Structure formats: C-alpha cells, structure tokens
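Let us read a few features of one model together.

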Amino acid sequence: MAVLKVGSFPGLVPRATARGMGGAGAQVSHNLLQTSADFRPLLGDTQVATCPDGVKSLYRMMRDANGVIQQGDSTGWITSNEARRYVRGQINDDATERTVVFSRDGKQAPQMTTVAGDFRLLGVPAPAKPAVKLNETSQFTAEDARTWLSGTMVPAVVKAIQTATKPVNQVTGRITAGKPRAGAYEMFGLTQSTSEQWFGELVMTLADAKDKGLNVTGTSGFQSGGNWVIRLMCLPFWGELDTTVLAAELRKIESPKDGTQVFSDAQITTLVQEFGKFLDPADTSIKSYRDQMDVVVRKFKKAIDEAVRASAAAARPTEPTKPTVPEFVPDYSGETMTMTRAPEWIAYDAAMAQYRKDLRTWEDQQTGSSTQNTDSVAVIQECQKEASRLTSTVIEAEYLKRMTNLQTYIQDWASGKSLSKKDDPNGLFDVDPDRIIEDRFYLVTFKTDRGEESAPSEVTDVLQVDQNDTVDVQRPPVPAGRNILTWCVYRSATGNVAASWRLVDEVVITQGLFVDKVPSSMLGQQCPSMTWAEPPMRRDPNSAATIKPPKGDDPYLRDGVAMPNGIVAAFLDNFVAFCVPYRPFAWPVEFQITTDTPIVGLGVFGQSLFVGTRAHPYIITGASSGSMTSVKLSQEQACVSADSIVSADGGGVLYASPDGLCLANASGVQVISETLWAREDWQSLNPSSIVAVCQDGVYYFWCDGGTFALDFKAMRLGTVDLPRGPVHKDYITDAVYVAQGGTVMKLFSEGRRTGRYKTGIMLLAAQAPLAWIQAEGEQSAASPATIRWFGEGQLRHTKQLASVAPKRMPPGRWREHVLEIEGESRVVSVVMAGTTEELRNV
C-alpha cells in the first residue's frame, strides 16, 4: 500500500522541473506566507486613500499639518507624477517634519518639503563676495590721553595756577592784612619799607638812636630826616592763589574729545583745594622756616628795645672845690702854738673821699652800659644776617622753586590721575581702547527662515583695522525664492585667512549694510558652515562661466537614503555624497567618496551604506559623515536595479545582480538565489525591472516576469497577487502601501487572499490505489479547502474539505501524483492513503 503527504509546503524552485523537484518543491506557491511552513494564505489588501491615477512615487508624512503624529493611515499621503525618493530628515524636535526629496533619475534638483506641503530647493546658495569699507575712526585712546595730558593739560593747569597767583607786585605779595605772608607771624612793630619792600623797618628819632648808641653803621641804619631807621630783611615774597580765578581758569580747559569742560565742578573744587595747598604760606611745609623767622624778628626787636639810653645813666660825680682859706691856722689856746687844719679843709678831705668813691661807682656804671649797647648792635647784626638768609635763600627760594617746578609738580600730580571714566568714576573722560591694528578678513552667509545656513561667501580682501575703527559690510545680492531671512557676518579672529571665523552679528535680510563695531572680546561662535555646500551637481567644466552650469539633462543628486546619526546619503555618477549630520541641507565636498564605476543605487544596514555599482559593490561605514571609510567588495556582482535594493532583516542589503538575488554585508556578497534560479532563469525575469520591498522577513518584488515573495532566510519562494505601482513602506504603521489606479492600497491588512499550492510530481514505487484523503487545518464549511488530485498528469478528482475528517477518494491507480490545494483557510498538512489505518499511522 502507499501514502502521500504534503506537510512542509516548500516553495517554488524555478531552476528545477516538476518531476525533478518531486515533493521538495512546488510548481505553484501562490498568495502564501512564505515564512510559514503551512499552507497559509496572505491577508488581503485595503484601500486607505485615493490618489491621482498614474503616479510614480508614493510617500506618507508622519505628522499632520499641526505637527501631530498621524492617527490611522488615510492621511498624510504625497504622490507625484515623477519618480521620487523621500528621506525624512533627522532633525531634533522638528514638528514640521522636514523631508528631503530626490528625483530618481537626477533630472530635478533635490528639494525639501514639510507637513505644510511646501516644496523648496534643497540647500542654501552661498552669497557672493561682500563689499567692505574701512571707516577710520577719530579716536582718543589712553596713549592719546597721556600725550594730551602732558602736552596740553599740564601746561594749561600750570598757566591757570600762574594766572590765579596774585599779585606780582612787591608790596601786597609780602604783607597781607598787616601781617607777613610768609615771614614771621607778626610785624612786631616793624613797618614795611616803601622803597625796598622786603625790609621791615624800625624807625626811631635820631636822638633816641644816639641816646641808645644805635646810630652806628653796624646796624645798617640810616638817617631819614630827624629819624634813624634800622632795617631787617624779614618780608619774603610769597604769591597768593586766587581760588575764584583758579576755578574759572580750570573751567576753560576743554576736553580733547568733544570740547566740553574737562573737569567737572566737583573735580574743580577738589583741585582748587589741592593746588591751594601748594602755595599756602600757612602750609606745614614752610612752617619751620616761618618759625625761625619769627624768632629772628622777635630777637631783633628785643635787642633794639633793650639798648640802654645814655640819658638814663647816673651823672658823673662833681669834684669838691678846694677851700680858699689857709689849710692850717695857728692855735694859741694851748701852751704852745700849734698849727690846726682849718675846718674847711677837713670838710674838703671828706668830700674828696666821697667823690673818689662816687667816681669809681660811676665809672663802673659807664663801662657796663657801653658793653650792653655793643651787644645789642651785635644781636641786631646777627638778626639782619639770619633774616636775610631766611628771606632770600630759604623762603623766597622755596617759593621760586615751587613756581619754577610748578610744571613738574602738576606733571607728577597728573601722572597719578585716572584718565578713563570706565576705569574710575573720577576719570577725566571716556577713553577709547588702545590702538590694536589687525589684518582682518570678512565673509558672510545666508540663513533661511528654518535656520539653515549657507556655505560662506568668498573671503574679502584684507583690511588693516584698528579696534576702534568700524567696517561697513555690504550685503551681497539675495537670490529670489530661496526663503532667505537673515545674513550672518563673520570675521577672522586671528588676522589671517586660515583663522577661525567668528560671528559678528546676524542681520535681517532687509538690512543691506552692516557696520561692524563689535570688539573682538564680543565675537560669537565659530562659523559652522565653512565646508557646507548645496547638494552637488554635475557641472560643465568646459563652460567659460565663473559658476559652471549643469551638464546634461540629469545632473542632480539622486536616490537619497537615511543613515543613522542624522546622515543622508545620495549619489551622482560615481560618487556618494553625505550631508552634515542632522543638516540635510549641507553637503560638504569633503564628505564625498568616489567609486570606480557608476553607481546604480544605495542601501543601508546598521551604520553601513551599501553602494551598488555597475561592477563591484562597496560598503561605506562610519558613525559620522566626516569619518566614513569605503571598502570595495571583491565579488563582482553589479547592481542592476536601484529599486531592488532593500535592507534585509538581520543585517545586510538585498539587491538584484545579473546572476541572481544577492545579500551584501560587511563579510561580502552572496548570491542567495542560486538554489532557486539558474542565471538564465533569473535573466528571464529581467532583473533590471525589479522593484522590491521587505516586510516581515519576506522580500517581495515586482518584475517583468511576475510578482514574487521570497523568505530569504529559509529560501522559500512563491508568487503573489499584488497591485503594481509605486511602493511605500511605512515604518510608523509597519505596513506596505502601493498606489494603483487612483487608490492607495495597504497590503496584507485585512481579509484573506485565496492561496494556491501545487506540488511537484511525487512518484510512488509502483501504481497503487489512494482511497482516502485528509487535511489537517482550519478549513470549514464557510471556508473549505479545495484539493485537486492529478494522476499521471491528468486531473483525476476535486474534493472540497470542510473539516479534518477523512474523505473517500474515487478508485484509480497511478504512479505519478500531484496535489493542488486552494483556499483561504490555513492548512497544516494533506495526506492521501490507501486505507484508514494508513491514515492513522501517518
């Protein structure tokens, strides 16, 4: 007896014959889920939206016009009559969902669209070279201030003090309010000489002078009429500072910056007090000299006052007159006559004795008075000498020294003053920063309303700019229709072309002139777009134009794909271009990698980019656009269809080559379809026509030879009824959509396709009857499984199974058998046997 069993439902093997594949392959495996070992029909399709008929591209925005994530899948669709590739930009918190749009054939320039439905050219055009003009600013730096201070202000202050110092005559400059200005503190009875005002004079009558013995030349006195005048040089000259005049003169000193009064009134009050001390005779700096002069004048006056008057001395004693009577007279009263002195003579002797005594006393007195008067004259002479020294060589010399050194004094005073009000509130004026000359260059960029910045303009010619100068920067012409909102001015930060370029300011586009007065310390960030550029294009190198025009009818970047880390990659001819991460509008030339043959298409797996060319494929890997490395794979498996390239679940990229379907990854390229198609079988499909999508581990592809579904891991192949048109795989809904006939269809979404499976020719050892059939599955009366039994190439019987119960088959004996199953229900296995016992034993 014999048993036939279909249990694993292997897929199509186009390279094998029905007889050759036997039960290991299928002649038909249609509308079945190829990742399942059962007979499991695919879900049906659902119309979710309408679209214009005949569209060539289909894409769905993730957000609605308000930036909210789309709910359902009936809205957000974008279609075009041109073949396009849409790449969602990975831009942080971008509710507008900026999406890059590439034409598949390179005949249209790349664009960017948003949920608002607006389309604009991708990239920002670089400005032309800006015009710049140096404005040399009239400035007043600290260096200028110091020059002005020593050359102008100091002489002006000196002149102000000289003008305010009064008087210049010899009278009032020595005595003020009856007292010496800079001499002794009092006149002590002296009067100022009217002819030689530096002398103080003590005037006495000639008689008094004679009486005192002072009318001698030693006193340097002189007779003036009936008077005797003794002089003392005790009235030194010392100027008087008129504070009112000084204040007025200081107010006349003008600021060199604006001609206003350089000193404030409060500063003038302080200066008047400060300068007043410089010439104040009561200042402690000359007090010791005045103290000495005061002592001298007192001593002088005392010496004159204490001279002894001759008239005040005792009269010379008068010598007694001798008696005229005889000195001796006889005396006869005694016994004998004796001679007795006359009483007149005895009185005379007593008077003479007294006279001699008084004369000696008088003479002693006369000697003492003469000595005292002589000492007075010496004191007067000493005082005159000392007073003359103090007056001429000390006090007046000090005054003259001060006036002579007034310039130095004011210079020293000024050197300690703060010039800048910025550094000191009491400074004299606003001082400009010191001159620092630098070689400066400028460049500018444009920036759109979305903050997208262009490549920089050409660098300007060098300017030698002082930090106090300003520079006019003229905005270059603005290209129309490019949504330019502002322009950014950058300048070199270290004075050479290779310097870092720092932001000076961002200016609204309507402002055509920017005046740069920004100090270096206030410059902003470095220019981020130094290497940025618009998307590259093929240009005509033979053109005489400065900006070379596009060459050919397909000169533009095409077929972009999204890579991790915000990178968009696209290609043109034989090079791949990468955008700046997270800035899909910027495409530096430095981020381009060339292949040795023209590129057909791109695919992505992990952080790697598959580059399918007309010869060897390449794998480009990197975490950033600037660190990409390229590996040319050794297998010569060209890519024949850009639309065949899809990312394979589990790593790698699937694509169509001339030899079959290939899996490319970092390990190389493998033609995985060799067991299914021979090369000639594969070529009969016209692989260059393949359009593919990968969904749930199945590679679905449309081509001229049909529509196929391939489980590329189990290598189970089938065919499938799918609408034909532009395809979109939506990763948000995890669904595949196809536009056809004015509708957008969601594949494998609801309902059930009718599956059909037809085995290869299964051979028995000999002809034998198969009387029973049983199907294990989910078939029912509402959804039965239809079984067709072919024997020896002829349809022998058709049976509908509505349950798992065995059913009798008509009699017949054949050696070659083929089973065909059709239906919408899932079937696990189909068994045919000669007896029920054999069924039970399977």
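The dialogue below takes up helix packing, strand pairing and aromatic rings.

Q: What kind of model is this, and how are residues numbered?
A: This is a predicted model, where local features need pLDDT of at least 70, side-chain atom pairs count only at pLDDT 80 or more, and totals for chains, interfaces and linings use all residues. Residues are numbered from 1 along each chain as its sequence is written, and side-chain values use heavy atoms, with hydrogens and water left out.

Q: How do the axes of α2 and α8 cross?
A: Two packed helices are described by the angle between their axes and the distance between the axes. Here, helix α2 (residues 142-164) and helix α8 (residues 406-415) have axes that come within 9 Å and cross at roughly 125°. Axes are lines fitted to C-alpha atoms, for helices over the stretch in contact, and angles run from 0 to 180 degrees between N-to-C directions. Helices (H or I, at least four residues) and strands (E, at least two) are DSSP runs, numbered from the N terminus. α2 and α8 are therefore oblique to each other. Under 35 degrees counts as roughly parallel, over 145 as roughly antiparallel, 65 to 115 as roughly perpendicular, and the rest as oblique.

Q: Which residues of α2 meet α8?
A: Contact means heavy atoms within 4.5 Å. On α2, the residues include Leu149, Met153 and Ile161; on α8, they include Leu406, Ile410 and Trp413. The contact residues divide into eleven nonpolar, four polar and no charged. Ala, Val, Leu, Ile, Met, Phe, Trp, Tyr, Cys and Pro count as nonpolar, Asp, Glu, Lys and Arg as charged, and the others, Gly among them, as polar.

Q: In what sense does β46 pair with β3?
A: Strands of a sheet pair through backbone hydrogen bonds, either parallel or antiparallel. Strand β3 (residues 43-50) and strand β46 (residues 743-752) are antiparallel over six bridges. Two strands pair if DSSP finds at least two bridges between them. Gly44 stands opposite Glu750 in β46. β46 also pairs with strand β45 (residues 735-740), antiparallel over four bridges. β45 and β46 form a hairpin with two residues between them, and Gly741 in the turn has a positive phi of about 60°.

Q: How many aromatic pairs are there?
A: Rings of Phe, Tyr and Trp (its six-membered ring) pair if their centres lie within 6.5 Å; planes under 30 degrees apart count as stacked, over 60 as edge-to-face and the rest as tilted. The count comes to 21 aromatic pairs. Phe102 and Trp587 have ring centres 6.3 Å apart and planes at 90°, so the pair is edge-to-face.
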